[in-house]
Amino acid sequence: MMFEVLKNLACPPDEHPTRCAVLKDQFLKLSQYYQLRTAENYTVLNREIETLLEQEGLEEAGRIFYFSVPPFAYAEIAGHINSSCRPRPGAWLRVVLEKPFGHDLESAQQLAAELRNFFKEEEMYRVDHYLGKQAVAHILPFRDQNRQFLDPIWNRHHVERVEIVLKETVDAKGRASFYEQYGVIRDVLQNHLTEVMMYLAMELPANISSTEDVLQHKLQTFKSLQELEKTSAVIGQYQAYTSQVQEELQKAQNYFSMTPTFAGVLIHMDSLRWEGVPFILASGKALDERVGYIRVLFKNRAYCTQSEALRDAEHSQCKAKQIIFYIGHGELNSPAVLVSRNLFRPIMPEGSWREVTDHPQLHLFGQPLSDYYVYSPVKERDAYAMLISSIYHARKDFFITTENLLASWEFWTPLLDSISHQAPRLYPGGRENQHLLDFEMLGQELSFTLAEPVEFLDTSKQTPDDYQTIQAKFRNSSLVSAWPEELVSQLASDLEAVAARAVARSGEFHLALSGGSSPVVLFQRLAKHHYGFPWKRTHLWLVDERCVPLSDPESNFCSLHDHLLQHVRVPYFNLHPMPVHLNRRLCVEEDQGPELYAEEIAALVTNASFDLVLLGVGTDGHTASLFPHSSSGLGGSQAVVLTESPIKPHQRMTLSLPFINKARQVFVLVLGKGKHEIVTLLSRVGNKPKKWPISGVRPSSGQLVWYMDYEALLG
Ligand SMILES: NC(=O)C1=CN([C@@H]2O[C@H](COP(=O)(O)OP(=O)(O)OC[C@H]3O[C@@H](n4cnc5c(N)ncnc54)[C@H](O)[C@@H]3O)[C@@H](O)[C@H]2O)C=CC1
Ligand SMILES: O=C1C[C@@H](O)[C@H](O)[C@@H](COP(=O)(O)O)O1
């Protein structure tokens with residue numbers, strides 16, 4: 001058995017064959033093979049270690065246990081080590097764990113909790129082998145040693161974008177049982193590429209050798225990551241994957257895997273340094289080349305007057321400016337750090353990195369190699385060799401702590417959930433992929449640049465007579481129905497048309513908007529597709545508000561700000577948030593917030609009649625913050641009232657039903673299967689606002705239009 005293992009062991013490429021044979025021999029002498037199944041097996045192992053130490057007259061420094069076992073076995077093995085195999089007091093214990101460390105936040109928390117029962121944090125070494133790769137391990141030292149050059153430019157004013165990429169030519173053949181449960185985001189992006197991103201984006205600690213400081217700065221960066229939406233990612237799957245899964249997992253011929261083998265994800269950060277800078281993470285199997293790199297591309301604002309022929313070719317300010325940490329493989333076929341010559345000459349540690357000056361006729365990222373200062377390691381080292389040596393030296397810099405791990409899962413899990421039923425784009429694999437997987441950024445969203453070719457379309461996704469918008473009646477009012485994207489696009493266009501008519505008529509447009517999740521897609525659509533919208537003439541009012549500070553993420557105004565206002569130019573004096581936060585108190589009756597809002601409306605809106613009110617519907621039939629059996633707002637003469645919601649946050653401020661009914665137009669947006677039941681019920685009931693407040697929405701002299709997607713309408 002040991003000989004079999006040894007046959008497959010290789011020494012580093014620069015090790016002389018004779019010395020390699022000696023090393024293997026030594027390794028064999030020091031190795032013993034035990035099968036560890038029962039608690040007794042571990043007790044025997046412990047006894048034998050102690051006997052051996054005694055025989056050799058050695059004092060034990062410590063023990064390393066390397067868990068090269070599936071994660072389901074972790075807890076059991078950890079328990080045995082803890083109870084029977086800990087070294088004597090004074091000697092250390094180090095356990096090495098390999099990913100996967102969970103599947104999502106919940107499973108990672110569970111695994112972490114199980115391990116915590118047996119090991120202290122400092123005893124655990126969670127491996128992310130990318131942190132052992134030389135180019136990655138050099139990011140922080142590079143940033144540290146080149147502070148003088150980087151300080152002014154390592155920020156949103158100078159960085160155009162950051163790309164962190166791991167492309168592979170291999171596919172998942174032979175590993176389907178693992179890969180099918182994980183996919184590329186869990187396999188590569190959640191760990192390797194995220195860790196690299198942290199090294200690039202974190203604030204640099206004064207002392208980069210302080211593991212604790214590095215960790216704290218990393219955690220701070222995790223906090224600044226903007227939440228990922230479904231539209232933050234594009235996913236693909238190589239065509240042969242499903243048949244490999246069918247074969248390896250003995251699945252039926254009609255089994256289709258939804259596991260992505262390729263993903264591109266767009267990440268933004270809410271930090272002073274990085275706000276607005278796109279971080280693009282991409283990885284995939286069965287791609288055209290094997291390469292890993294990190295590319296920081298700087299903005300180029302120079303205009304060069306002289307013709308190209310007369311410019312200093314290497315240092316011209318008109319050339320692209322970039323810093324590349326080349327992880328390996330690809331055209332260079334070795335790790336490297338490259339800095340555009342028109343940026344600065346980097347300071348590199350002499351003993352471990354050397355400058356490469358004989359440039360082959362290579363082009364890297366659009367530039368000849370001679371345009372860069374190029375450095376490569378003096379001695380190439382395997383990532384695992386570096387990590388294992390760190391374990392011996394108790395250096396924890398390159399390992400993943402529990403906090404770090406959970407912060408990463410917390411960030412990725414919502415995206416993983418939101419795309420779990422999304423069909424990945426199929427790609428043929430290798431060079432044949434051509435431009436199929438190219439993607440582009442549009443604001444906060446990513447999309448493939450090419451439309452999906454017909455031969456790859458998954459017919460199960462096609463919808464009957466789709467993409468047509470149905471015009472019909474619902475509760476005797478106009479109904480527009482379509483698939484969600486078309487519906488929202490129609491609603492946004494109709495809204496712009498209403499705005500244009502109102503501005504033509506009166507010079508201004510008074511629009512009252514609801515909160516909650518449904519209008520968010522509309523806000524995003526308006527922000528990104530309606531550049532002719534008369535925002536300067538638009539007054540924005542709130543239909544309802546939660547009694548929280550306006551900066552609270554629960555606040556409707558905050559959501560309106562994040563998804564719409566920050567992208568368009570509405571004069572600030574045309575913004576009318578509800579006064580829920582007065583005298584440092586939230587919705588206190590004596591503060592008379594509702595009365596103040598009603599006065600503001602009366603002062604600015606002709607006849608106190610909004611041009612357009614946008615509403616939604618809750619599954620219980622509530623609309624605005626008017627809930628079933630509410631004691632206020634369903635009748636009476638008040639324009640604005642305080643109400644109680646059955647769900648948190650309970651206190652609300654809302655326009656009243658009679659006041660909503662004064663509007664010139666009311667649009668009701670209803671999205672999703674979850675609303676089908678209430679829609680069916682509403683199609684049958686009359687005017688019963690006490691039971692179902694939405695049923696009382698009947699503008700007295702205005703128009704009501706329902707915008708419902710097919711799932712809400714047809715289930
Ligand atoms: N970095 C990566 O992408 C991947 C890492 N891994 C990790 O690499 C390691 C090895 O993976 P594979 O060789 O594919 O795993 P495997 O499923 O082939 O199992 C490895 C060994 O664990 C032993 N084992 C299973 N249950 C055990 C138990 N209760 N007690 C003691 N031994 C037990 C098996 O006998 C086998 O020798 C694991 O830690 C795994 O999580 C696995 C796949 C991908
Ligand atoms: O951790 C992983 C997941 C695997 O799917 C992937 O093939 C490897 C790539 O690592 P490397 O060959 O070192 O670039 O890493």
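**View 1. The stretch 142-432 in this predicted model.** In UniProt, an unreviewed entry lists residues 142-432 as "domain: Glucose-6-phosphate dehydrogenase C-terminal".

**View 2. How the chain divides into domains.** The domain assignment places residues 1-129 in domain 1 and residues 470-714 in domain 3. Domain 2 is given as two segments, 130-301 and 311-448. Taken over C-alpha atoms, the centres of domain 1 and domain 3 are 61 Å apart.

**View 3. Strand β29, residues 665-670, and its buried side chains.** Six of the six residues of β29 are buried, so the strand is largely enclosed by the rest of the structure. Side chains in a regular strand alternate between the two faces of the sheet. From β29, Gln665, Phe667 and Leu669 point one way, while Val666, Val668 and Val670 point the other way.

**View 4. β29 and its pairing with β26 and β30.** Strand β26 (residues 612-616) pairs with β29 in the parallel sense over four bridges, and Gly616 has Leu669 of β29 as its bridge partner. β29 also pairs in the parallel sense with strand β30 (residues 703-709), over six bridges. In that pairing, Val666 stands opposite Leu704 of β30. To get from β29 to β30, the chain passes through helix α19 (residues 676-682), making a right-handed β-α-β crossover.

Key:
Residues are numbered from 1 along each chain as its sequence is written. Chains are lettered from A and ligands numbered from 1 in the order in which they are written. This is a predicted model: local features need pLDDT of at least 70, side-chain atom pairs count only at pLDDT 80 or more; totals for chains, interfaces and linings use all residues. Side-chain values use heavy atoms; hydrogens and water are left out. Domain bounds come from an automatic or database domain assignment. Buried means under 20% relative accessible area, exposed over 50%, partly exposed in between (1.4 Å probe, protein chains only). Helices (H or I, at least four residues) and strands (E, at least two) are DSSP runs, numbered from the N terminus. Two strands pair if DSSP finds at least two bridges between them. A crossover is right-handed if, with the strands pointing away from the viewer, the path from the first strand over the helix to the second runs clockwise. UniProt positions are given in the numbering used here, feature names are shortened, and annotations may be inferred rather than shown by experiment.
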